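Visitor: Hi, I've just opened this one. Can you walk me through it?
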There are 2 protein chains.
Amino acid sequence: MGENITMSDIDKGPSIFIGARGKDLISFGSGQPDIPPPISVFDVLRGFPYFQYGNIKGELPLRTSVANIMEKKFKVPSSPENVVITNGASEAINLIMSSNLDVGDKVLLTRPYYYSYLPLVHINRAAPVFTDLVNNKIDLEDVKEKVKGVKLMIVNSPSNPTGAVEDKKTLNALQEITEDAGTFLLSDEVYNALVYEGKHYSPAGDNVITVNSFSKTFSLCGFRVGYLSCMDDNVVNNVVSQKTHTSMNTSLLSQAVAFETLKLPSRLIEKNRKIFKARRDLIYNRLLGLGLEVQKPEGAFYVMSKIDNPKKACFELYKNQNVIVYLGEWFGAPGTIRLSYPLELDKINEGIDRITSYLNDAR
Amino acid sequence: MGENITMSDIDKGPSIFIGARGKDLISFGSGQPDIPPPISVFDVLRGFPYFQYGNIKGELPLRTSVANIMEKKFKVPSSPENVVITNGASEAINLIMSSNLDVGDKVLLTRPYYYSYLPLVHINRAAPVFTDLVNNKIDLEDVKEKVKGVKLMIVNSPSNPTGAVEDKKTLNALQEITEDAGTFLLSDEVYNALVYEGKHYSPAGDNVITVNSFSKTFSLCGFRVGYLSCMDDNVVNNVVSQKTHTSMNTSLLSQAVAFETLKLPSRLIEKNRKIFKARRDLIYNRLLGLGLEVQKPEGAFYVMSKIDNPKKACFELYKNQNVIVYLGEWFGAPGTIRLSYPLELDKINEGIDRITSYLNDAR
């Protein structure tokens, strides 16, 4: 809808900004890398010969590479038979829920949560339970209370929307707490390649389902390739037997490009990480300079800021300043806005200048 | 699993044949065209520049072309805003169910039905109701009885697995019956380009949701591009608001190739249809020659045959003759097997020769 939004449309969520365009628009909204993948990854598609149905789990060479990465890079047990290639992390999370939850099963979300988690809980007729972050971090004591009777917990480190990165000790404790409670731990690690403070850590265990994606590491958002890896064969079989009917194999073209990205040198990932770290530094310092209360993001490419009357800010920034920011409430964080920063430094500066104008007008 | 199947595995459905390979294997199993798309449709992917998220509904040029085809070729009202591009027809059907049905809602299926319909009804916690075909055709009087209190009916003409094509009069009557009953009519038309007797007809109406695919017409099965078109904005909005969370946009690479296939000359579609008609004639006549009871397929590329002890036939044909056929029970048709025939004529002959040997041994 873009242009014609009204103040009350803000309650509808990010979809109101779909179709918003304009040369002068600066969007701190949708979260997708702006750095294109190397053009060489498309060479494989010249005269692509595989037009028939693929394996529902995904092509074996890609699953084999993914299982290797899981074991060697993330130190998490895996095997090609325990990997399912999906239409992005979104489909992985949806299939995990739809094929392993019954009506009314409890799902524990850390709050603030990624925008899609709550709708996915509702779509799958499960019941959400929340554990609120304290100083941007998981509160293990609260999790211990809330996890009782919960079927699935989702942890997302680095986090969208907070940018927080949980440490090894916390994630290991979380794995133990959930395993003891008979709860699956879905670890959504799509931002693992973008960590600026500390190190990314992947929890492992019999109850862990790792979800990952090619979207953020290799800028393949539009091609929709993600995966899940889980050593519990039941979980994998449940997912595959649903995917057989709900979408069949993930696009073979997209899988072929994803496979090519795995051959790229790791220095490319490091190069991108440094670019994003500079952007993080800039936006964080500039928001602090405005006197806003901001937690320093440790990973991903999001920052949350407290702000007075966030709904008004969201609406007027768009209408008067041509800047898109997302409402914290969409992520379960009232009183805040979320800014994504996969933008060149001058764009970030220009966007913050405009936010400055808005704040000056509002004062 | 392929090689190691046992007689009791036959009850598990077509997935038992996944991974079955062999130079000498003849598969009348999975239904996918064997004729590759023209290599030129891949040219668009050279240095493909669109790596960011696409529109959840699908790319506008593709939706515009699809809406034109709906109106000009199929004579069904449509518009780009009423089209959603999906991960194959499978995702379209699943999204229609998951976003428009409540727990326990009734779904009316013609029986025999396409293999995935029943699992999709179960996945979406709806309740199946059946209307049995009579002489391979829809029994309108039975539909009038069964449609009461039904939320969604699926019609599939040309049909997988029967190959039956319903005529204009029947489909118009079906549309009226369902509309009067307050029932959505999902018209799955993925085989519309493969009709050998009579003509394909697309029902239209306020309650109609048309589902179609690029898989069968243009041999793009593995790329997963289908669509739905529906003039009821609520249905479209429900689908889009779920797809936003469950898979986001359909692969932009796959959409780009699908768009290219629409530029192919229509004589290519006619050429393929003639190839498939010759195959239909061959397999039908050879099965008749074996003394089997077979309905003449009018479209698609499937034929059902009555056979003694179909489970044993299915198992022994695979084990002893290296031939895959599908069990009719998987489609709600006990006492039969389904043969798909997207195979060259000499392969069809060889496969039927082997079935002849099996029948001779069994007598």
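Guide: A:Pro161 sits in the loop between strand 5 (150–155) and helix 5 (168–180) of chain A. Helices (H or I, at least four residues) and strands (E, at least two) are DSSP runs, numbered from the N terminus. This is a predicted model, where local features need pLDDT of at least 70, side-chain atom pairs count only at pLDDT 80 or more, and totals for chains, interfaces and linings use all residues. Residues are numbered from 1 along each chain as its sequence is written, while chains are lettered from A and ligands numbered from 1 in the order in which they are written.

Visitor: What kind of peptide bond joins A:Asn160 and A:Pro161?
Guide: A cis one, with omega at about 20°.

Visitor: And what about B:Asn160 to B:Pro161?
Guide: That peptide bond is cis too, with omega near 25°. B:Pro161 is in the loop between strand 5 (150–155) and helix 5 (168–180) of chain B.

Visitor: Okay, new topic. How many residues of chain A are in contact with chain B?
Guide: 45 residues of chain A are in contact with 45 residues of chain B. Two residues are in contact if their C-beta atoms, placed from the backbone, lie within 7 Å.

Visitor: Which elements give two or more residues to chain A's side of that?
Guide: Those are helix 2 (88–100), helix 3 (117–123), helix 6 (233–246) and helix 7 (252–261) of chain A. Helix 2 of chain A provides the largest share, 5 residues.

Visitor: How do the residues on that side divide by class?
Guide: On the side of chain A that touches chain B there are 20 nonpolar, 22 polar and 3 charged residues. Here Ala, Val, Leu, Ile, Met, Phe, Trp, Tyr, Cys and Pro count as nonpolar, Asp, Glu, Lys and Arg as charged, and the others, Gly among them, as polar.

Visitor: Why do you say the copies meet through the same surface?
Guide: Because 100% of the interface residues of chain A are also interface residues in chain B.

Visitor: Back to those helices. At what angle do helix 2 and helix 6 of chain A pack?
Guide: At about 100°, with their axes 9 Å apart. That makes helix 2 of chain A roughly perpendicular to helix 6 of chain A. The axes are lines fitted to C-alpha atoms, for helices over the stretch in contact, and angles run from 0 to 180 degrees between N-to-C directions. Angles under 35 degrees count as roughly parallel, over 145 as roughly antiparallel, 65 to 115 as roughly perpendicular and the rest as oblique.

Visitor: Which residues make the contact?
Guide: From helix 2 of chain A, A:Leu95, A:Ile96, A:Ser98, A:Ser99 and A:Asn100; from helix 6 of chain A, A:Val235, A:Asn238, A:Val239, A:Gln242 and A:Lys243. By class, this contact of helix 2 with helix 6 of chain A has 4 nonpolar, 5 polar and 1 charged residues.

Visitor: What domains is chain A divided into?
Guide: Domain 1 (2–30 + 267–362) and domain 2 (40–261), with bounds that come from an automatic or database domain assignment. Their C-alpha centres in chain A lie 26 Å apart. The contact takes 21 residues from domain 1 of chain A and 22 residues from domain 2 of chain A.

Visitor: Now chain B. Where is B:Thr250, and is it buried or exposed?
Guide: B:Thr250 is in the loop between helix 6 (233–246) and helix 7 (252–261) of chain B. B:Thr250 counts as buried, with 34 C-beta neighbours inside 10 Å. The rule is that a residue is buried if 20 or more other C-beta atoms lie within 10 Å of its own, exposed if 12 or fewer, and partly exposed in between, with C-beta atoms placed from the backbone.

Visitor: What does B:Thr250 touch?
Guide: Not counting residues up to four places away in sequence, B:Thr250 touches B:Gly58, B:Ile85, B:Thr86, B:Asn87, B:Val225 and B:Gln255.
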